[in-house]
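Let's take a look around this protein together. Have the sequence and the 3D view open as you read.

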Amino acid sequence: MELRQALETRKSVRGYLDKPVPKEIIEDILRQGQRAVSANNTQPWEFAVITGDILKKIGEENVASFVAGEELDYPDWPFEGVYRTRSIGIAKQLFAAMDIARENKEKRFWWMQRGFRFFDAPCAIIMYMDETLNESACRLDMGCCAQNICLAAMEHGLGTCVEDQAIMYQKALRKHLGLEGKRFVVGIAIGYEDPDFPANGVISEREDLENIAGWYGFDE
């Protein structure tokens, strides 16, 4: 797959086949991820790759925390203005694809639970960094690494979904992974896409370039 094709067709996959991903494939993907931009070559990224019973247990315990209404360890942040409009827009696309009506609170609650259990993917990558590192300074590097992972996964026929929900509850992660002195940054669900899962047909829209790019010196 050419880079341009990957950049233009990459999407968030929220439904996966019950098919394990070989360890050697994940290893290759992570090596590609490591080639990301890194300020001063700090390479702040570290990975916890989870599958099998441990992944299932973490997902179940995350859902239990959500159902119990426990306080989030990594709270979501509010959006305003055009950013909120875009966020609502993708939610509407997903709910329409999944036939989830606005008033159907039960089904919306079910949808939220799926994110906390990694969308039932056969594998998940938790990205984390050492607590001694400045999170604000390193998040760009971590994001670049996550993007590399998502693009490299496509070469192996795998889908991904980068999700904050994976680390919003951290009790189960700490329990099953340990990792003291580490700060969880984001999670990536990864696996073989289920072509029949309705939400996988949703492609998020992008703002017109003319609305977000300024051009300086080109007319001189």
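This is a predicted model: local features need pLDDT of at least 70, side-chain atom pairs count only at pLDDT 80 or more; totals for chains, interfaces and linings use all residues.

Residues are numbered from 1 along each chain as its sequence is written, and side-chain values use heavy atoms, with hydrogens and water left out.

**Helix 6**

Helices (H or I, at least four residues) and strands (E, at least two) are DSSP runs, numbered from the N terminus. Helix 6 covers residues 135–155. At the N-terminal end sits a cap: a side-chain oxygen of Asn134 lies 3.0 Å from the backbone nitrogen of Ser136. Just after the helix, Gly157 has a positive phi of about 75°.

Buried here means under 20% relative accessible area, with exposed over 50% and partly exposed in between (1.4 Å probe, protein chains only). Among the buried residues of helix 6 are Cys138, Met142, Ala146 and Ile149. The helix's buried residues pack against several elements, including helix 1, helix 2 and strand 2.

**The cores**

A nonpolar core is a set of buried Ala, Val, Leu, Ile, Met, Phe, Trp, Tyr and Cys residues joined through side-chain atoms within 4.5 Å. The largest one has 24 residues, and Ile125 and Ile149 are among those with the most contacts inside it. Helix 6 gives the largest share of this core, 7 residues. There's also a second, separate core of 20 residues, which includes Phe119 and Ala189.

**Cysteines**

How many disulfides does a search of the whole structure find? It finds 0, where a disulfide is a pair of cysteine sulfur atoms within 2.5 Å.

| Cysteine | Closest cysteine sulfur | Distance | Relative accessibility |
|---|---|---|---|
| Cys145 | Cys144 | 8.8 Å | 0% |
| Cys150 | Cys161 | 8.4 Å | 1% |

Most residues other than glycine have a negative phi. Phe119, though, has a positive phi near 55°. Phe119 sits in the loop between helix 5 and strand 2, and counts as buried because its relative accessibility is 5%. Leu179 also has a positive phi, near 60°, and its place is in the loop between helix 8 and strand 4.

Definitions and conventions. The expected span of a helix is 1.5 Å times one less than its number of residues. Contact means heavy atoms within 4.5 Å. A polar contact is a pair of N or O atoms within 3.5 Å; within protein, one must be able to donate a hydrogen and the other to accept it, and residues adjacent in sequence count only if both atoms are side-chain atoms.
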